[in-house]
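Me: I have a structure open that I have never looked at before, and I would like to go through it piece by piece. Could you help me read it?

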Amino acid sequence: MASLVNSFSYSPSQWGQFETCHRQYWFSRYGSWGGWEKNCHPLTREIYRLKKLSNRYLWSGSRVHEAISGILKSFQAGNPIDPELEKQKLLQRMRQDFRDSKSLPPGEIPPKGSYRFVEHDDQEMAIIDSAWKEIVEKSVVALENFFLSEPWEWIRSLGPDCLLRTDEILESIPFQTDGVDFPVYLSIDLAINDPEGLIILDWKTGKPSPKSHQPQLDLYAYYAVKKLDCPPDKVRTGAIYISSPERKVTLEYSSGKIMEETHARIETHTRTILSKIQDPFNGIANKDEFAPTPGAYSCKSCFFRRVCENAY
Ligand code: SF4
């Protein structure tokens with residue numbers, strides 16, 4: 001079997017990590033590489049294990065996303081949807097995740113599809129029981145808000161055929177910066193065909209922050225233009241903040257200018273990261289090139305805190 005190569009790629013979340021702390025990006029992209037192999041260095045294995053951890057916020061977001069995705073697929077298949085039953089299913093799944101995380105022996109890598117929470121793994125990140133209860137309740141409320149949201153109403157009135165994307169499938173766009181070819185990865189939560197064009201939506205379970213979320217939405221529009229051949233002015237994007245009961249969604253039209261800005265942004269981001277990588281094709285990057293940015297906020301929630309000599 002051909003061996004895996006850690007070749008360069010870009011995604012909004014990778015950039016977010018790089019912006020937070022270059023060293024955190026290095027741990028995640030390079031320090032952890034090969035940590036699944038039987039005879040790897042113990043430190044590499046530990047970095048890989050830490051990368052596989054989750055926290056309560058990421059967990060809540062991904063379980064709510066999965067629940068919505070399942071509901072949309074079921075709607076597409078013509079099945080009746082029972083909101084109460086869906087909420088119960090989410091609750092049961094989260095309770096099971098909690099038990100799985102708590103019972104995983106320390107030092108073990110969580111099996112695919114299950115969770116090990118950093119709050120269980122790192123004593124300094126432990127939280128009280130009521131905080132767990134709170135996050136589970138918030139997740140169920142987010143699902144309730146999905147059923148009250150404007151997009152759910154649109155989908156039901158347009159019918160199952162309007163759904164173009166209902167999943168978090170990993171999509172990619174080929175890109176080149178300074179002669180280096182690489183994929184730009186993204187995953188679209190929901191794309192709807194309506195009489196005016198394409199609507200791309202992103203579920204957000206965190207606090208509303210339209211300004212900081214717009215570049216990510218613009219990247220989705222860029223994907224629709226490049227890969228689905230949509231004219232830019234026929235694509236609208238919006239974030240749905242299901243942590244709040246606000247049911248209306250603000251849609252932004254895309255444009256040729258937004259496409260140019262998005263292209264330039266990816267180019268700038270990737271040029272910055274690539275300037276620190278020795279060999280982007282073979283995954284060779286020197287740790288020292290990725291300066292740590294210790295800080296009370298970033299280090300406190302960083303999964304690599306216990307292997308980082310610069311942790312705040
Ligand atoms: S612990 Fe702090 S300095 Fe170290 S990688 Fe994480 S965020 Fe960066």
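Me: Is Ser 275 buried or exposed?

Reply: Ser 275 counts as exposed, because it has 9 C-beta neighbours inside 10 Å; a residue is exposed if 12 or fewer other C-beta atoms lie within 10 Å of its own, buried if 20 or more do, and partly exposed in between, with C-beta atoms placed from the backbone. This is a predicted model, in which local features need pLDDT of at least 70 and side-chain atom pairs count only at pLDDT 80 or more, while totals for chains, interfaces and linings use all residues. Residues are numbered from 1 along each chain as its sequence is written.

Me: Where is the place of Ser 275?

Reply: Ser 275 sits in the loop between helix H10 (256–274) and helix H11 (296–300), where helices (H or I, at least four residues) and strands (E, at least two) are DSSP runs numbered from the N terminus. From C-alpha to C-alpha, Ser 275 is 9.2 Å from Glu 289, and the two are 14 residues apart in sequence.

Me: Which loop is Asp 178 found in?

Reply: Asp 178 is in the loop between strand S2 (170–177) and strand S3 (180–187), and although Asp 178 is not a glycine, its phi is positive, at about 50 degrees. Asp 178 is exposed, with 9 other C-beta atoms within 10 Å.

Me: And what is phi of Asp 229 near?

Reply: Phi of Asp 229 is near 60 degrees, which is a positive value in a residue other than glycine. Asp 229 lies in the loop between helix H9 (210–227) and strand S6 (235–241), and with 7 C-beta neighbours inside 10 Å it counts as exposed.

Me: Switching to helices, at what angle do H1 and H2 pack?

Reply: Helix H1 (residues 12–20) and helix H2 (residues 22–31) pack at about 135 degrees, with their axes 5 Å apart; axes are lines fitted to C-alpha atoms, for helices over the stretch in contact, and angles run from 0 to 180 degrees between N-to-C directions. That makes H1 oblique to H2, given that angles under 35 degrees count as roughly parallel, over 145 as roughly antiparallel, 65 to 115 as roughly perpendicular and the rest as oblique.

Me: Which residues meet there?

Reply: Gln 14, Gln 17, Phe 18 and Thr 20 in H1 meet His 22, Gln 24, Tyr 25 and Ser 28 in H2, where two residues are in contact if their C-beta atoms, placed from the backbone, lie within 7 Å.

Me: How do the axes of H4 and H7 cross?

Reply: The axes of helix H4 (residues 56–76) and helix H7 (residues 129–148) come within 10 Å and cross at roughly 30 degrees, and H4 and H7 are therefore roughly parallel to each other. On the H4 side the contact includes Arg 56, Ser 60 and Arg 63, and on the H7 side it includes Ile 135, Lys 138 and Phe 146.

Me: What about H4 and H5, at what angle do they pack?

Reply: H4 and helix H5 (residues 83–103) pack at an angle of about 145 degrees, with their axes 11 Å apart. Their contact is made by Trp 59, Arg 63, Ala 67 and Ile 71 of H4 and Glu 86, Leu 90, Arg 93, Met 94 and Asp 97 of H5.

Me: Stepping back, how many helices and strands does the chain have?

Reply: The chain has 11 helices and 7 strands, and 32% of its 312 residues count as buried.
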